[in-house]
Amino acid sequence: MSKAARLRELLEREEIARIVGSRDALTALLVEEAGFDGLWASSFEISASRALPDLGLLTMSELLEASSHVNQATSLPLLADCDTGFGGNINVVRTVRQFEAADIGGICLEDKVFPKRNSFLGGGQNLEDAGEFAGRIQAAVRARTDRDFSVVARVEALIAGAGLDEALRRAHLYADAGADAILIHSKESTPAEIVEFLQVWQARTPVVVVPTTYPHWDLAEAQAAGVSMVIYANHALRASVSAMRDVLGEIRLQGGTGGVEDAIAPMKELFGLTQVNRWEEWSA
């Protein structure tokens with residue numbers, strides 16, 4: 001089964017799927033080792049790993065390169081966070097062709113104007129004209145050559161404060177344009193407005209959520225409410241920042257590394273993750 005088919009299966013199966021933000025290949029290995037269902041090539045994480053803010057600064061080529069490294073590291077399917085699509089319809093068409101050629105399972109496009117701002121930043125959450133964005137979704141669907149390649153439409157109306165009715169209007173437009181799933185995004189501290197959306201949506205398409213600001217929503221409750229896929233979008237990156245800061249601070253304070261050795265991964269573990277033995281066999 002292709003990775004595109006596996007991603008589609010995750011979106012359409014009865015059991016809720018869990019995918020995790022992965023900014024590089026090593027993170028992808030750890031996500032697979034932990035037993036998750038798939039990978040999310042997050043523009044936020046990939047931007048942050050280049051010390052850049054998530055303000056639409058990544059080019060299509062930069063995101064494709066990073067996504068390809070992540071995708072090749074494991075057997076898990078990958079959904080790529082392609083921001084607003086890098087331009088108009090023809091840019092979306094090229095994006096689909098390039099990501100399909102890289103054996104990536106699907107892309108997610110969000111309905112904000114370029115350059116977009118990260119959804120959790122204050123102000124400037126400007127929505128794209130819904131008809132214009134529906135045209136991009138339609139262009140993406142028409143451009144794919146593999147029918148299993150997923151096109152996910154990310155609805156930002158709740159993020160922009162435009163309300164539930166506008167979120168539903170946009171979601172229906174994008175579903176009419178051929179979107180395989182709707183990502184409905186919220187920055188509230190509870191899932192209440194997501195639940196309201198799901199109650200009215202009535203599972204017209206699979207629904208994807210990113211519970212960064214409402215982390216205590218139980219997975220079983222999310223599935224019962226109608227969620228098909230959960231994205232833990234930035235947790236691996238945030239965990240690594242905390243861990244690195246703690247270790248570096250301790251080394252500086254203690255004047256050496258002896259005090260942190262028990263708290264960090266041994267070299268042997270890194271050799272195992274990067275399959276040194278296999279590469280040495282091939283080089284013999």
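Author: Happy to! Helices here are DSSP runs of H or I with at least four residues, strands are runs of E with at least two, and both are numbered from the N terminus. Keep in mind that this model is predicted.

Let's look at helix α2, which covers residues 25-33. At its N-terminal end sits a cap: a side-chain oxygen of Asp-24 lies 3.4 Å from the backbone nitrogen of Leu-26. Within the helix, Thr-27, Ala-28 and Val-31 are buried. These three lie on the same side of α2, because they cover an arc of only 100 degrees around the axis. The buried residues of α2 pack against the strands β1 and β2 and the helices α4 and α10. Just after α2, Gly-35 takes a positive phi of about 95 degrees.

Now for the backbone spots elsewhere. Ala-203 is not a glycine, yet its phi is positive, about 55 degrees. You will find Ala-203 in the loop between α8 and β7, where it counts as exposed because its relative accessibility is 62%. Ala-51, also not a glycine, has a positive phi of about 60 degrees. Its loop runs between α3 and α4, and Ala-51 is exposed, at 71% relative accessible area. Finally, the peptide bond from Phe-114 to Pro-115 is cis, with omega near -5 degrees; Pro-115 belongs to the loop between β4 and α6.

Notes:
Residues are numbered from 1 along each chain as its sequence is written. This is a predicted model: local features need pLDDT of at least 70, side-chain atom pairs count only at pLDDT 80 or more; totals for chains, interfaces and linings use all residues. Side-chain values use heavy atoms; hydrogens and water are left out. Buried means under 20% relative accessible area, exposed over 50%, partly exposed in between (1.4 Å probe, protein chains only). The arc is that of the directions from the helix axis to the C-beta atoms. Contact means heavy atoms within 4.5 Å. A polar contact is a pair of N or O atoms within 3.5 Å; within protein, one must be able to donate a hydrogen and the other to accept it, and residues adjacent in sequence count only if both atoms are side-chain atoms.
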